[in-house]
Structures are given as structure tokens and as C-alpha cells.
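This report is meant for a reader who is meeting the structure for the first time.

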Amino acid sequence: MLIALYIIGGFVILTLGAEALVRGASAIALRLGITPLIIGLTIVAFGTSAPELAVSLKSALAGNSGIALGNVIGSNIANIGLILAITALIRPIQVKSQMVKRDIPIMIAASMLFWGLLLDGDLSFWDGALLTSLLVGYLSFSYISSRNGGDSEEIDDSPQKPMLSVLFIIIGIAMLVGGGILFVDGAVDLAKTFGISEVIIGLTIVAIGTSMPELVTSIVAARKGESDIAIGNIVGSNLFNILGILGVTALVHPIAAAGIQNFDFIVMLALSLLVLPFAWTGFRIGRREGAILLTSYLSYIGYLVVQASA
């Protein structure tokens, strides 16, 4: 009963937090003249990735590297194969050319770098420093590009007061973190009850649980017609997961690669690569592409279940 309350309560809090975050972020973007895409790639992406940071730090410090790494790899796989897929099935997503030409390729490059850094068996302090530095560079470049594009001029079309918008963002992020942790704790306890391994828990239960903020936020954004926030949230979250979460976690405590298979990296990279032609064709990810992504994800989960029961 307590586990069920954790899972249900966490999901309710996640939904309310996503609504507040999207509302606040949209108003800030409108008032400052910053494109919703940049807001989705930064503020919204950071907010929805906060549960992954909390879980990865907690797991690494407790010596559970399998959950810490599996959480990030599984979350990135779920962000594309599950969240982007479901969002596109509900409402086709319009994709800006900037996303296709810059942000998705950067996400793919970050995924390849992540895999390369783990070839020696762990993510060290210096690996974490490199990843964190790249995140700072990416955020700085995105902000400067937005200003150079003339998108930073302040405007007053938003009916919502600036401080109220900021308050919505803060409350939304806090609820996403709290709801995400509640959901994950309940899901992990449920999985352990059935004797599921640490790595499998990280790649599936924890990954899906910590990706719930991205799912709810992207669906809310898509239903409100904020396609830029929906796609920016997913791509930005994947970048934050690799560069920010693993970077910060490795700075605090080295992360061992034990238990993670090359197949998991291949799936993560393959789904990232698949998004590029999908988004490039008509600058739109429709229901057909969503169905393909969802089928790929369910096949991967099926493979993990077979492996766990073997």
C-alpha cells in the first residue's frame, strides 16, 4: 500500500509540477523575447533532469554505480523511444531547423563521447570535469546565439508578471524533483521485491521513473501547442543527462562501468541517430515516426526482460 501511494502520489505531483514549469517557462520566453526552443533546451530541460541528478548522485555515493549509469543511459533511451514517441503520437511535433542542424547533432556527439569515456572502465574526476565544461560551453553558445539572432529583446506581451513566472518555474522544478524521487523510490522498492538486478532496475524502472517529468512536461507542452518546448525538453534533457548529471556525479565520486553492456550504448546511440532523419524530413516528427520509436523502445525493454530472466 505504501509503495502504491509513493508511485501514485509521485505521478500526481509530477503532473502538477510539469504544468507549473511549462506555464512559467512559456511566459518568461514570451516576455524576454527568447525563443521557446532555447527555454526548452535550458530551463525546462534542467528542471525535468533534476530527478536524474538526485538519483545518480545518491546512487554513486552509495556505491551503486549500476543504478547511476543505468539511470542516465536508460533515461536517454526512454526520452526518445518512449517520451518523444508518445508525445508525437498524441500530437505531431514541429521541429525548427536549428534543432536539426545543431542541437540533435550535438546530442549525438555527446552520446558518442560518453561511450568513448567509459571504454577504460569508469568515469573519473577528469572525465567529469570535461563533461561539465562542455555543458557550460553549450549553454553559453546557445545563449549567445539567441542574442545574436535578435531573440533577447524584452517584450511585454505576456500577461503574467515576471516574478510570478519565476515562481511557477521554481515551484514546478521543486515538484518535479519531489514527485520524481517519490515515484522512483516506490518503483525501486517494487522491483526489489521481485528480485530484479541493480543494472536492470537502473535501465528500466529508475530510468522511466526519473524520465516521468520529461514525459508529463512534453505532453503538457505539446497539448498547449508549445512544440519547441516539447522537443527542446527531450533533446536538452539528454544533453543534461550526459554532460551535466554524469559530469557532476563523476566530479563528486568516480562511476564504475560494471554491469553496463555495449548493447545499451548501441541502443542509446541508434535512437539518437534515428531522430535526425525523422526530424529532417519535413521538419516534423509525426505519428508514424512516433510509432517506430515506441516499437523500438518496447523491443529493447523486451530484450532486457529476457536477459533478466535468463
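## Surface patch, core and aromatic pairs

Helix 5 (125–148) and helix 8 (227–252) each supply at least two residues of the nonpolar patch, where helices (H or I, at least four residues) are DSSP runs numbered from the N terminus. This is a predicted model, in which local features need pLDDT of at least 70 and side-chain atom pairs count only at pLDDT 80 or more, while totals for chains, interfaces and linings use all residues. Residues are numbered from 1 along each chain as its sequence is written, and side-chain values use heavy atoms, with hydrogens and water left out.

The patch lies on the surface and consists of Leu 61, Phe 125, Trp 126, Val 248, Leu 251 and Val 252, which together have about 600 Å² of accessible area. Such patches are made of residues with over 30% relative accessible area and no salt bridge, their nonpolar side chains (Val, Leu, Ile, Met, Phe, Trp, Tyr) being joined within 5 Å; a salt bridge is a side-chain nitrogen of Lys or Arg within 4 Å of a carboxyl oxygen of Asp or Glu. Helix 8 gives the most to the patch, with three residues, and Val 248 is found in helix 8. The table lists three members of the patch with their exposure (buried means under 20% relative accessible area, exposed over 50%, partly exposed in between, with a 1.4 Å probe and protein chains only).

| Residue | Relative accessible area | Class |
|---|---|---|
| Phe 125 | 41% | partly exposed |
| Trp 126 | 66% | exposed |
| Val 248 | 31% | partly exposed |

A search of the whole structure finds five aromatic pairs, meaning rings of Phe, Tyr and Trp (its six-membered ring) whose centres lie within 6.5 Å, with planes under 30 degrees apart counted as stacked, over 60 as edge-to-face and the rest as tilted. One of them joins Phe 114 and Phe 265 edge-to-face, at 5.2 Å centre to centre and 70° between the planes. Because Phe 114 lies in helix 4 (residues 97–117) and Phe 265 in helix 9 (residues 262–280), this pair ties together parts that are 151 residues apart in sequence. Both Phe 114 and Phe 265 are buried.

Finally, the buried residues of helix 10 include Leu 293, Tyr 297 and Ile 301.

Methods: Patches are made of residues with over 30% relative accessible area and no salt bridge: like charges are joined within 9 Å, nonpolar side chains (Val, Leu, Ile, Met, Phe, Trp, Tyr) within 5 Å. Accessible areas come from the Shrake-Rupley method with a 1.4 Å probe; for residues, only the protein chains shown count as cover.
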